[in-house]
Amino acid sequence: MLQMKKLSVALALCGAAALNAHAADIKVGIALDLSGPFSALGAEARDGFELAIEKLGGKLGGQPAEFIRNDFGGNPEQANQLVARFLQRDGIDFFTGPIGSNAALAVGPALFAAKVPYLSANPGPSAYAGEKCNPYFFAQYQNDTYDEAAGKVANEKGYRNVVLIAPNYPAGKDHLNGFKRLYKGAVKDEIYTKLGQIDYAAEIAQIRAAKPDAVFFFLPGAMGINFVKQFVGGGLKEVPLIAPGFSADEDVIQAVGEPMLGVLNTAHWTHDLQNPANTEFVAAFRQKYAGRYPSVYAAMAYDTLMAMDAAVRDVGGKIEDREAVLKALKNPSFKSLRGEFQYGANNFPVQNYYLREVGKDAEGRITNKLVGMTLEKHQDAYVGACKM
Amino acid sequence: MDAIFVFEQLLNGLGYGLMLFLIAAGLTLVFGIMDTMNLAHGSLYMAGAYVAARVHEASGAFALAVAVAVGVTVAIAAVVEFVVIRRLYRRDHLVQVLATFGIILIADDAVKAIWGVAPLLASTPAALAGPVDLFQGLPYPSYRLLLIGAGLAVALGLYLLVNKTRIGMLVRAGASNRQMAEHMGVRVGGVFAFVFALGAALAALAGALMAPISAVQIGMGEAILIPALVVIVIGGIGSVRGAFVAALLVGMVDTAGRAFLPPALRAVLPPSVAADLGPALAGIAMYVLMAAVLTLKPAGLFPARG
């Protein structure tokens, strides 16, 4: 019996020693959408993370780091389970990854309670920008800001009448409201479609009957692909399409091809944005991934790990001091791919938004091209509700 | 709202209905004649779309792409039939659902392994890319006219095959009383393999034809399976004629719901209520139709078995 006890104590000590040896590494939990509804975007984000890890030599701020990558299938429930495991078993120091706002909203509370900084590599839900803002959440952008920029584009292009179209679910309404926030012309019609709709002939006939100056669409993933293909096939090629960048990024462009040409869309980053960090990133990405252009999802994933790297360096590797880490994160010292930006009071960035137009590059490849800046140092509409 | 708009929406309803028919026809044949629930029908549709998209991109010949897609998918289906489906004919529906659901998961991962997760490029053949003027003031997508033509041709072909040919007679015999047909010397196993291959060919044809106007990506088969199931339930499971009528009904109701319901509600209700109610009702119109049909005719419009 005594022998057994000794053995178990010895084993426990071994275990503790192993844990201690491991605790020296900085741990980053990355929840990936490799399967599920956002798998195409999740794969983009994964490619961005992997390029960043390669560039950082597997370290953060010069310290050995471990990047724990797991798929959660785009399911908020599974994201919660994964985060519980990250927190309890792995003892992560940073979290990032999910593509969907629903997953971001699901995992936030546990991370904030455990004082683990969550640097979003994509969604910036309005709740986290406003009432539920939290010092441990850092956003890349607020969801509506892309639409606000698109509204401004519509003003600048002189579109007096637009038709808006989005899926009939909360995010769809948010995006259309975002567009209307800065748009000054008239909204001829607001069309809400079934989530996952395949056939858009009925809506396209309505649009033709309404004769708008332009159409603003927020239809992520397959819905956008279906819509644009059918829109152009239906003879509405002359009607300009405006979209937030998510509905007109590389994933959609490569699947739609020619009909995408001329689609106007807005984003806080584009692959032809001129700054040294971005030029280097785009070149490295295209070299690693067979000439493919990075999407905004890949860029944000890369940027997020660079932000962590800078924060760890700024606190001299003392990541136990969470206050110092938060302070370092809030005053980023790295060169972001999007250029200069600052965090507002709610940890959502105050940054520039750009107009992109789908065109052809020098090699004839269809891709987004930078047109110009639409909103300068723009802040989200929810910051006033944040008491932090 | 003028006459042209209404006519265009009718045409849209017809087109969507025929699109659904292409998919539902194969599903209802397999279910009705073999009494086998094949959820993996959507995966065959996906296979057709992927193969067609790749061949079209590589060769530039759309007709060739459709033919290759049908051929490859039928070959895949033959293997699946031999390895899995053949063992399920006499099992109950739950086993069939489980097994064919497993096939969906495998098919999705296989597609991911071969082509990756990003949706594929599938362009409209250049000759059919633009609209044609049906008459003054109504440019209509020429590709959709092709879809309508294809749907009608398939419907006619199936009618002739099932009702006018020897193999059609054997299919009907096997479906109405398998044991008796076997006693009369019909090799039912062979007939079933033929029906399964035919179903696969129809699914592949649907996938290949739909590829230029929809997203070719993982999960596309599951998305289309739901309206297809609604169609075969309304039509009466196993009846090709039922599937045809039900597909047109669903296409019309769904399109009309989306086109006319929101403006109609806006005319009679306060704007905020109408804005919420319109899309919600349009979204469920197809299911309301199904519930109404099942209340009046629980076996569907044209039950295959008495």
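## Close-up views of a predicted two-chain model

View 1. The model is predicted. H9(B) is mostly covered, with twelve of its 16 residues buried. These buried residues are Met220(B), Gly221(B), Ile224(B), Leu225(B), Pro227(B), Ala228(B), Leu229(B), Val230(B), Val231(B), Ile232(B), Ile234(B) and Gly235(B).

**View 2. Length, kink and end of helix H9 of chain B.** This helix comprises residues 220-235 of chain B. From the first C-alpha to the last, H9(B) reaches 23 Å, close to the 22 Å expected at 1.5 Å a residue. Within H9(B), a kink of about 30 degrees is found at Ile226(B), shortly before the proline Pro227(B). Pro227(B) is itself one of the buried residues of the helix. After H9(B) comes Gly236(B), which has a positive phi, near 100 degrees.

**View 3. The two domains of chain A.** The domain assignment divides chain A into domain 1 (2-141 + 274-339) and domain 2 (145-267 + 353-385). Taken over C-alpha atoms, the centres of domain 1 of chain A and domain 2 of chain A are separated by 31 Å. Twelve residues from domain 1 of chain A and 15 residues from domain 2 of chain A take part in the contact. On the side of domain 1 of chain A that touches domain 2 of chain A, helix H2 (39-55) and helix H5 (126-129) of chain A each supply at least two residues. H2(A) gives the most to this side, with three residues. By class, the residues of this side of domain 1 of chain A are six nonpolar, four polar and two charged.

**View 4. The contact of chain A with chain B.** Here 29 residues of chain A are in contact with 34 residues of chain B. On the side of chain A that touches chain B, two or more residues each come from H2, strand E8 (186-193), helix H8 (201-210), helix H9 (222-233) and helix H10 (250-256) of chain A. This side of chain A has eleven nonpolar, eleven polar and seven charged residues.

**View 5. Confidence along chain A.** The average pLDDT of chain A is 91, and 94% of the residues score at least 70. Over residues 13-23 of chain A, however, the pLDDT is below 50. Beyond near neighbours in sequence, this stretch of chain A has zero contacts in the model.

Note on methods:
Residues numbered from 1 in each chain as written. Chains lettered and ligands numbered in written order. Predicted model: local features only at pLDDT ≥ 70, side-chain atom pairs only at ≥ 80, totals over all residues. Domains from an automatic or database assignment. Contact = placed C-beta atoms within 7 Å. Helix = DSSP H or I, 4+ residues; strand = E, 2+ residues; numbered from the N terminus. Nonpolar A, V, L, I, M, F, W, Y, C, P; charged D, E, K, R; others polar. Expected span 1.5 Å × (residues − 1). Bend = angle between axes of the 7 residues up to and from the residue. Buried ≥ 20, exposed ≤ 12 C-beta atoms within 10 Å, placed from the backbone. pLDDT = per-residue confidence, 0-100.
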